[in-house]
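This report describes selected secondary-structure elements and how they are arranged. Please keep the sequence and the coordinates at hand while reading.

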2 protein chains.
Amino acid sequence: MAGPLDGVRVIDFSRVFAGPAATQILGDLGAEIVKIEEPSAGDEARFLGLRDGNMPERGVSACFLALNRNKQSLTLDLKTEAGIAVARRLAAGADVLVHNFRPGAMTRFGLSYEALRAANPGLVYCEFTAYGADGPMAHIGANDLALQAHSGLMSMTGEPGRPPVRVGTAAIDLHGALAMVAGILGALYHRERTGEGQFVESSLLLSSAHLMSYFYTEYWLDGVERRAMGTANHLSVPNQVFPTKDGGVVIIAPSDVMWRRCAEALDPERLAKPEYRTTTDRQRLKDEVIGAITDVTLSMTSDEIIERLGAVRVNVAKVNSVGEAASSEQLRAAGGVVEFDYGGEHVQAVSAPFRMHGTPATVRRAPPGLGADTVEVLKTFSFGDDEIAVATRGGAFGPPRD
Amino acid sequence: MAGPLDGVRVIDFSRVFAGPAATQILGDLGAEIVKIEEPSAGDEARFLGLRDGNMPERGVSACFLALNRNKQSLTLDLKTEAGIAVARRLAAGADVLVHNFRPGAMTRFGLSYEALRAANPGLVYCEFTAYGADGPMAHIGANDLALQAHSGLMSMTGEPGRPPVRVGTAAIDLHGALAMVAGILGALYHRERTGEGQFVESSLLLSSAHLMSYFYTEYWLDGVERRAMGTANHLSVPNQVFPTKDGGVVIIAPSDVMWRRCAEALDPERLAKPEYRTTTDRQRLKDEVIGAITDVTLSMTSDEIIERLGAVRVNVAKVNSVGEAASSEQLRAAGGVVEFDYGGEHVQAVSAPFRMHGTPATVRRAPPGLGADTVEVLKTFSFGDDEIAVATRGGAFGPPRD
């Protein structure tokens with residue numbers, strides 16, 4: 001079945017996490033993604049996270065395999081005139097361009113939106129930076145962790161009275177990836193209606209601020225600064241991890257009706273008290289309510305609590321390890337796992353975070369080897385054999401070989 | 001200037017965070033969002049996070065104001081036949097429908113995709129659930145925190161050897177919001193090309209799995225389960241918070257060239273050693289490298305380190321509080337703050353996490369009062385005065401008044 005983005009050509013200069021995660025989703029939707037890589041080693045993500053400093057036998061990292069399906073790889077040395085000339089010609093024939101170079105780099109290559117739009121007015125040009133292209137911090141380098149710190153997210157993550165900790169995954173990168181996808185799809189929709197392309201931008205800063213949006217509004221309105229509360233939060237009670245006989249479960253009952261069901265399913269005598277009836281009551285008597293629930297949960301196993309509360313539609317979940325989560329039958333049942341072969345090895349990866357039932361996502365290509373599709377892509381973009389030979393001699397695709 | 005989604009009508013049955021955050025972005029892009037609310041109290045988010053259990057004077061929570069601009073509110077009692085009849089008619093005239101009811105609820109209302117598509121084949125129907133509509137856990141209730149626990153994200157967040165903690169914000173909800181936006185925009189694009197609507201779904205499960213995607217692939221390939229490492233991670237060294245004279249900074253230098261610049265800018269003698277030269281070296285000598293950097297950072301202020309490393313394009317950031325982050329001049333410079341009035345009060349909120357320069361987002365409406373636009377919306381959907389009167393008597397919009 002055809003994907004919604006069939007025939008859409010994406011030239012992707014981005015590296016590591018956010019950009020590649022974005023273009024992978026566009027590829028899942030049917031777009032043709034041309035991943036431009038630096039010839040000597042390619043996307044740094046190919047070698048991130050190596051265990052014990054050793055290369056895995058398959059020669060590529062798990063995170064690269066997780067974020068680069070449905071792409072072709074073309075190597076391009078943007079330090080050469082020949083490489084830049086090829087990049088310009090690819091951009092001229094593209095529907096979408098994505099990059100995460102630092103502000104100014106694309107302008108130096110003659111690949112800024114302004115430089116490209118005249119010849120390609122339908123181009124959707126998506127730029128992803130750390131802090132945006134302007135402003136006092138635009139020149140400072142950053143990554144996911146830097147924005148966890150800068151955004152205040154880190155200050156809210158940790159145990160009360162102890163040092164802040166990082167969010168265990170690159171949440172801002174991956175959120176930024178979806179922000180790019182949304183911006184690009186919005187721009188493609190506008191183009192379909194009007195023929196006009198446009199400049200789209202996102203950044204780690206905007207993505208992190210979006211993740212923090214309700215805390216910022218609270219600060220701006222009332223001057224309140226939330227701090228880390230372990231597994232609890234300020235929104236409602238109960239809303240945190242409770243210890244069980246054999247581990248931990250989260251129990252969340254934000255509304256009064258859900259709280260009543262929770263209290264009655266766990267221990268009506270100790271919990272279904274009139275004093276605890278409303279959201280406001282439970283916030284006021286927070287320590288007492290949490291203590292009473294803890295007394296009850298410590299007398300049961302995690303599974304027993306999940307069975308009791310799941311049956312009465314109270315929000316409940318076990319605290320899983322990564323392996324337990326990845327092995328969960330529910331993830332497969334929900335269509336969250338995709339599969340392909342890489343170098344003869346069977347690989348499983350996580351799907352896009354949404355499913356379009358009329359135009360389902362497909363895996364048409366495994367993640368590419370570095371530069372594996374250089375010639376094929378050039379021919380798709382109407383390069384002749386002689387033009388490819390000239391560019392090759394000019395070092396466009398890396399040091400010229402004999 | 002016209003937004004890309006001008007003229008697109010969205011009927012939004014969703015509540016609390018993920019769904020409202022999604023439709024707010026569609027509204028920022030120009031869509032008309034009709035927020036359907038339960039008549040007695042409306043979206044629970046209106047009252048979440050009240051300080052000390054007291055209502056703020058403005059009568060609505062900061063998180064509601066953060067996530068509900070550019071919407072109209074219409075109250076509907078879906079426990080009445082009259083209310084359900086109105087809902088069906090709105091859905092019949094909508095371009096997009098969004099809901100986050102539990103599996104089965106919309107079917108009971110006669111508002112399933114199957115029930116609506118015949119009369120409205122162009123409808124983009126977006127369903128957001130906890131764990132998806134099928135599978136062994138489909139019936140279990142969950143929220144952001146529950147999926148932080150279930151997905152393994154919580155197990156990776158915290159200090160080594162201490163209990164796991166929550167991510168300080170509702171990252172899975174907000175990531176799910178962008179997943180919905182992406183799926184809806186992809187479906188609208190397909191519709192623009194073909195005239196066909198479709199069923200789109202996302203869930204907390206798919207969103208959390210996407211945030212964890214590279215860890216799951218690593219587990220599936222190699223059986224590795226990552227654990228919480230405070231502010232450090234497994235990807236590279238240095239990549240964590242370092243203490244300074246007056247607080248903390250994150251320093252991240254994943255590539256060898258960036259590490260060289262970092263070492264030379266901070267203290268060439270102690271850090272620019274040949275033994276620390278490569279990614280692999282620094283992983284192997286991790287404790288030694290971190291110790292050496294810490295000795296250096298403790299002798300400087302955070303600002304001094306940011307100046308030194310920012311100047312040589314090394315990723316660096318201060319660990320900010322929520323207030324420091326919200327007050328950052330850079331966020332305004334990057335276009336990340338939008339403003340409107342609510343009840344005479346000036347409100348600031350965070351923008352969508354991407355900017356479309358050709359079709360910029362606008363704030364056309366402040367967050368609505370409960371049911372404030374009921375009659376206006378009904379007239380837009382061609383209800384006559386007599387039809388409105390009949391529905392009102394039937395309790396469609398809440399208990400009938402005289």
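The sections below cover a helix of chain B and then a sheet in each chain of this predicted model.

## Helix α1 of chain B

Among the buried residues are B:Ala18, B:Pro20, B:Thr23, B:Gln24, B:Leu26 and B:Asp28. Just after α1(B), B:Gly30 adopts a positive phi of about 110°.

## The sheet of chain B

In chain B, 3 strands make up an open antiparallel sheet, ordered β7-β8-β9. Its edge strands are β7 (239-244) and β9 (315-318), each of which pairs on one side only. From one strand to the next, the twist averages 25°.

Strand β8(B), residues 247-252, pairs with β9(B) in the antiparallel sense through 4 bridges. Here B:Val249 is opposite B:Lys318 of β9(B). Helix α14 of chain B (residues 302-311) lies across β7, β8 and β9 of that chain, at about 160° to β9(B).

## The sheet of chain A

Chain A has an open sheet of 3 strands in the order β7-β8-β9, with antiparallel pairing. At its edges, β7 (239-244) and β9 (315-318) of chain A each have a single partner strand, so one side of each lacks a neighbour in the sheet. Neighbouring strands are turned against each other by 25° on average, direction ignored.

Strand β8(A), residues 247-252, is joined to the antiparallel β9(A) by 4 bridges, and A:Ile252 stands opposite A:Asn315 in β9(A). Helix α13 of chain A (residues 286-297) lies across β7 and β8 of chain A and runs at about 35° to β7(A). Helix α14 of chain A (residues 302-311) lies across β7, β8 and β9 of chain A, at about 160° to β9(A).

Key. Residues are numbered from 1 along each chain as its sequence is written. Chains are lettered from A and ligands numbered from 1 in the order in which they are written. This is a predicted model: local features need pLDDT of at least 70, side-chain atom pairs count only at pLDDT 80 or more; totals for chains, interfaces and linings use all residues. A residue is buried if 20 or more other C-beta atoms lie within 10 Å of its own, exposed if 12 or fewer, and partly exposed in between; C-beta atoms are placed from the backbone. Helices (H or I, at least four residues) and strands (E, at least two) are DSSP runs, numbered from the N terminus. Two strands pair if DSSP finds at least two bridges between them. Axes are lines fitted to C-alpha atoms, for helices over the stretch in contact, and angles run from 0 to 180 degrees between N-to-C directions. Two residues are in contact if their C-beta atoms, placed from the backbone, lie within 7 Å.
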